[in-house]
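Subject: Structure handover

Hello,

Please find the structure below, followed by notes on what was found in it. The notes begin with helix packing and then turn to the ligand and the backbone.

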Amino acid sequence: MAKYNFDTPVDRKGTYATKWEKLPEGNEAGALPLWVADMDFPTATPIIKALHERVDKGALGYTYYADEVKAAVTGWFLKRYNWQVKKEDIFFSPGLVACIATMVNTLAGEGDGIVIQPPVYHPFAMKIKANGRTVVNNPLILKDGRYTMDFEDLDKKLADPKNKGLILCSPHNPTGRVWTQEELKKLLEVAKKHNKWIVSDEIHADLTRKGIVFTPLAKIAVDYADEIITLTAPSKAFNLAGLHMSNVVITKKEYKDLYNNWVGERHSTGGLNPFALAANMAAYNECEDWLLECNEYIDANVDYTMEFFKKELPKSKPVYIEGTYLFWVDLSAYEPDSVKLDALMKEAKIALNDGAMFGEEGRGFQRINLACPRQIVVECLNRMRDILIK
Ligand SMILES: Cc1ncc(COP(=O)(O)O)c(C=O)c1O
């Protein structure tokens, strides 16, 4: 029997919620927000309790990345993925995007190329460009509603000495792919052949559909694990993004030194807040049952959405998402001009993510955040159908 209620929306009024109050440009106030990647579910009770207890201590001074916190993180990796990580290989970051910026700066020189796989989470390209490095695209291949990697093209891109490494999105946002072990092994083969690093963004690792297995890249890298930097966090799975806490796994001494120098010596961005520590530990130590139920609820939202598109918008091309809660659908058959398509969504008063923001390959797509009560999903999809079929 279900222990948690995901059907009742959490009231986010008065919390300065970005998702509800800072809608992307062009959206009218009051539009239904299914855009930025956070959830409209109440936070798991043990996390709320841990935060209350932390407040009750009445002391909010500086805190550090204690062994007990690291043990919660490594314990989670072991339990969920049978992945053994040593506590000396794990580092704090206030967020994954902040860490990507650090990696771009420390692992590549000015002007150097960094490979990404569009359509992909847009801050990858943004951070590469903003830090004076060069975006090198290795676009994914879309065939029969499923995305795969173009290994031949990747081989060429990584062979170029100007290109220093790859930022991998695993699971992949926005296409929802959870890469198989076979795909990851092939990827490692190519990277190893050219001796290039991989920064693996695994923030969505814990959000997978029933029967789909996520594999941490570093776990299977074996003799190449030193060239893998893993970025991970409880922030997506447990909806803690506002607390700014993520965990980075680095095993190679040289990369650890570069990281510590950048974060500690040069920028002093290594400080963590007491609430993030408390929430991180409660999530990983006490909330697996909540996560399992949450994933089941998202599974049902995904199934509902797939069916809706098939029945109500039969010319659409929905992509079955194996992971994340970010649904990805090609609506170009209803409006081939992607700018006009996006304008239609705004006219329907639904705030989504325009596919084009994830790269040219995303034109004609929309991304829909399904981490919300079913009634919000239903309302969003009805509004979409009514505007597309006039
Ligand atoms: C793939 C991916 N990486 C990173 C982030 C954001 O991470 P953070 O808030 O820790 O910077 C997101 C948020 O949607 C994401 O989808």
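**Helix packing**

α11 and α13 cross in a right-handed sense; a crossing is right-handed if the near helix is turned clockwise from the far one by less than a right angle, and left-handed if anticlockwise. Their axes come within 11 Å and cross at roughly 20°, with α13 covering residues 374-388. α11 and α13 are therefore roughly parallel to each other (angles under 35 degrees count as roughly parallel, over 145 as roughly antiparallel, 65 to 115 as roughly perpendicular and the rest as oblique). Axes are lines fitted to C-alpha atoms, for helices over the stretch in contact, with angles from 0 to 180 degrees between N-to-C directions. Helices (H or I, at least four residues) and strands (E, at least two) are DSSP runs, numbered from the N terminus.

This is a predicted model, in which local features need pLDDT of at least 70 and side-chain atom pairs count only at pLDDT 80 or more, while totals for chains, interfaces and linings use all residues. Residues are numbered from 1 along each chain as its sequence is written, and side-chain values use heavy atoms, with hydrogens and water left out.

α11 (residues 288-312) also packs with α3 (residues 67-81): the axes come within 13 Å and cross at roughly 50°. That angle makes α3 oblique to α11, and the crossing is right-handed.

For α4 (residues 96-107) and α5 (residues 123-130), the axes come within 9 Å and cross at roughly 40°. α4 is therefore oblique to α5, and α4 passes α5 in a right-handed crossing.

**Ligand site**

Around the ligand are Ala37, Gly95, Leu96, Val97, Tyr121, Cys169, Asn173, Asp201, Ile203, His204 and Lys236 (a residue is near a molecule or strand if one of its heavy atoms lies within 4 Å of it). This shell divides into six nonpolar, three polar and two charged residues; Ala, Val, Leu, Ile, Met, Phe, Trp, Tyr, Cys and Pro count as nonpolar, Asp, Glu, Lys and Arg as charged, and the others, Gly among them, as polar.

A polar side-chain atom of Asn173 lies 2.8 Å from a ligand oxygen. A backbone N or O atom of Val97 is 3.0 Å from an oxygen atom of the ligand, and a side-chain N or O atom of Lys236 is 3.0 Å from a ligand oxygen. Taken alone the ligand exposes 390 Å², of which the protein buries 88% (Shrake-Rupley method, 1.4 Å probe).

**Backbone**

Most residues other than glycine have a negative phi, and most peptide bonds are trans. Asn173 is joined to Pro174 by a cis peptide bond, with omega near 15°; Pro174 lies in the loop between β7 (163-169) and α7 (181-193). The bond from Pro118 to Pro119 is also cis, with omega near 5°, and Pro119 sits in the loop between β3 (113-116) and α5. Ser268, in the loop between α9 (253-266) and α10 (274-286), has a positive phi near 50°.

Regards

How values were computed: A polar contact is a pair of N or O atoms within 3.5 Å; within protein, one must be able to donate a hydrogen and the other to accept it, and residues adjacent in sequence count only if both atoms are side-chain atoms.
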